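Subject: A structure for you to explore

Hi,

Here is the structure I promised to pass on. Please open it next to this email and look up each residue as you read.

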Amino acid sequence: MSGKKKIVRPRYQQIAVDLAERIVENRYKVGEKIHARSTLASTYNASPETTRKAINVLVDLGIMEVRHGSGAFVASKEKAKDFLLQYQDVQSIQDTKAEIMASVEKQQDELNHFSQLLDQLVNQTKRIHKMNPLLPFELSLSEKAMHLDRSISELNIWQATGATVIAISHNEELLVSPGPYAKFTAGDIVHFIGNEYTLQRMTNFFYPEHQLAE
């Protein structure tokens, strides 16, 4: 499963943030000239083009200004503070978004794993029932089930579904080999045997909306 993903920001943004921090910390004072791009490139181990982008960001924000023929100078400490606050807010939002996406991805992985386990269980159950058709199925009847308060003979269960009802349990009582007059009620668990298609037929018989939803 995927862990938390690290957000990697462009190098020029990192340099712009570092320069702004130096201005706020008075390591670069207002009116002071910033080193030439080649010197900054060496300091930050970046290309001159990357440092140019970083300076342009600060110039656009009014934190620095470029004087023709003289270079780049610090213009505003307050705007540098504002920039850092906004950057931290954006960074926090991006980090939160990354955490959410990582969480969603993790949940999706867990859901896929659960789906695989469920498919495996269904396939194993089908194989077992093929090898042993006398192994009973179970179907719980809720208040939403159809045909409640009607008997086995009234419903022609075997003719309708191919299921042979061998027991009906309700709460702590178990009625084994129910006769044709045994009625189905809400809260019953019907135990029956049949082939691999019988469970689906019984489900569709008592819950026809399940069949429509498929």
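How many aromatic pairs does the structure hold? There are 4 aromatic pairs. Rings of Phe, Tyr and Trp (its six-membered ring) count as a pair if their centres lie within 6.5 Å; planes under 30 degrees apart make the pair stacked, over 60 edge-to-face, and the rest tilted.

Before you go further, a word on the source: this is a predicted model, in which local features need pLDDT of at least 70 and side-chain atom pairs count only at pLDDT 80 or more, while totals for chains, interfaces and linings use all residues. Residues are numbered from 1 along each chain as its sequence is written, and side-chain values use heavy atoms, with hydrogens and water left out.

**Aromatic rings**

F83 and Y87 make a tilted pair, with 6.1 Å from centre to centre and 45° between the planes. Both residues sit in helix α4 (residues 77–131), 4 residues apart, which is about one turn of the helix. Helices (H or I, at least four residues) and strands (E, at least two) are DSSP runs, numbered from the N terminus. F83 counts as buried because its relative accessibility is 13%, and Y87 is buried too, at 17%. Here buried means under 20% relative accessible area, exposed means over 50%, and partly exposed is in between (1.4 Å probe, protein chains only).

F137 and F192 form a stacked pair, 5.7 Å centre to centre with 25° between the planes. This pair links distant parts of the chain: F137 belongs to strand β3 (residues 137–140) and F192 to strand β6 (residues 188–193), 55 residues apart. F137 is buried at 7% relative accessibility, and F192 is buried at 0%.

**A charge over a ring**

R67 lies over the face of F73, 3.9 Å from the ring centre. For this, NZ of Lys or CZ of Arg must be within 6 Å of the ring centre and within 35 degrees of the ring normal.

**Two backbone angles to look at**

Most residues other than glycine have a negative phi. D149 is not a glycine, yet its phi is positive, about 65°. This residue lies in the loop between β3 and α5 (152–155) and is exposed, with a relative accessible area of 54%. N156 also has a positive phi, near 50°. You will find N156 in the loop between α5 and α6 (157–161), where it is partly exposed at 40%.

Enjoy exploring!
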